[in-house]
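Reader: I would like a close look at one part of this model. Start with the whole, then zoom in.

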Amino acid sequence: MNDELLTIGAFAARSRLSAKALRLYDRLGLLAPAHVDDVSGYRYYRADQIERARLVALLRQLDMPLARVAEIVEAPDGASAAGRLTAYWADVEARMAGQRTLAEYLRGRLSGRSSEMYGKFVVETVEVPEQVLITETRHVLVGELPAWIGASLGRLEKAAEECGGITGAPFVVYHSDVSMESDGPAEACLPVADEAAARAWVDREGRAWESKVRVEPAHRLAYTRITKAQVAHPQILSAFEAVEEWIPKQGLWQAGPCREVYFADWDAAGAEDPVCDVAFPVR
């Protein structure tokens with residue numbers, strides 16, 4: 001046996017990993033032993049594997065999933081590894097920011113400050129004429145929602161070139177709750193000018209994305225206008241609830257599912273710029 005090889009126990013002590021963790025990382029291909037005895041099955045490691053083992057241990061202290069750990073330790077060079085760590089940590093910070101906001105939202109609800117939160121929103125009504133819509137419907141969880149909205153509205157805007165052009169602001173209708181556990185469905189909608197051309201486009205191209213054409217009758221919306229920063233979940237929940245609370249106080253009834261109407265250039269807007277109306281059809 002080569003004197004440079006360490007038993008799993010000795011290697012575990014020096015690498016600050018348990019023998020159980022080393023066996024797991026071996027099975028996952030993260031940290032294979034240098035030698036496995038054919039008869040006993042004992043694992044042996046080289047001293048020069050200690051640095052990789054300690055790196056794995058430190059990355060796991062960041063609660064990093066094993067798949068992401070593998071991406072970093074297998075990176076071709078240090079710069080690539082550092083870049084992948086930076087990307088992972090940006091995801092963590094974004095998730096934590098969302099959780100902090102959710103905690104603040106829940107504290108407001110639990111402490112009875114809901115009315116105070118709702119009072120920050122100005123709710124109004126607007127009459128919307130009949131519209132021809134091209135739509136795309138998807139079952140989607142809240143974490144997937146921003147990417148899907150951008151992609152689906154992009155596809156619909158491209159299709160509108162063949163449907164007489166865009167005649168109104170795009171919007172998303174939530175036919176059921178969209179959350180971490182509930183997947184809607186949500187319906188992306190874009191008003192277009194030519195119903196016949198829209199139906200021809202759907203017959204020709206719409207099957208791949210479950211696209212449809214529907215004519216939405218004229219209706220009245222109760223809405224509040226929010227900024228780009230407020231569109232994020234869970235901040236946006238307060239806006240929806242403010243409109244819901246306002247509706248019966250005005251002697252109105254909800255007449256359809258809630259929606260988000262995107263009236264501004266999202267990419268060009270700053271965090272505090274108004275970009276979206278949170279709305280409910282009412283009667």
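What radius of gyration does the protein have, beside that of a compact globule of 283 residues?

Author: First, the ground rules. The model is predicted: local features need pLDDT of at least 70, side-chain atom pairs count only at pLDDT 80 or more, and totals for chains, interfaces and linings use all residues. Numbering runs from 1 along each chain as its sequence is written, and side-chain values use heavy atoms, without hydrogens and water.

Now the whole. The protein has a radius of gyration of 27 Å, whereas a compact globule of 283 residues would have one near 19 Å. That radius is taken over C-alpha atoms, and the globule rule is 2.2 Å times the number of residues to the power 0.38. The C-alpha trace spans about 85 × 55 × 35 Å along its principal axes. Ten helices and eleven strands are present. Both are DSSP runs numbered from the N terminus: helices are H or I with at least four residues, strands are E with at least two. Buried residues make up 39% of the 283. Here buried means under 20% relative accessible area, exposed means over 50%, and partly exposed lies in between (1.4 Å probe, protein chains only). Of the contacts with a separation of 6 or more, 66% join residues 24 or more positions apart. A contact means heavy atoms within 4.5 Å.

Now β5. Strand β7 (residues 186-192) runs antiparallel to β5, joined by seven bridges. Strand β8 (residues 211-216) also runs antiparallel to β5, with six bridges. Strands pair if DSSP finds at least two bridges between them.

Take E136 as the reference point. Towards β7, E136 stands opposite A188. Towards β8, its bridge partner is S211.

Follow that second link. S211 sits in strand β8. It counts as buried because its relative accessibility is 7%. Neighbours within four places in sequence aside, S211 is in contact with T135, E136, W201, V202 and G206.

Last, go past the strand. The loop between β5 and α7 (145-160) holds G143. At 69% relative accessibility, G143 counts as exposed. Its C-alpha atom is 6.9 Å from that of M180, which is 37 residues away along the chain.
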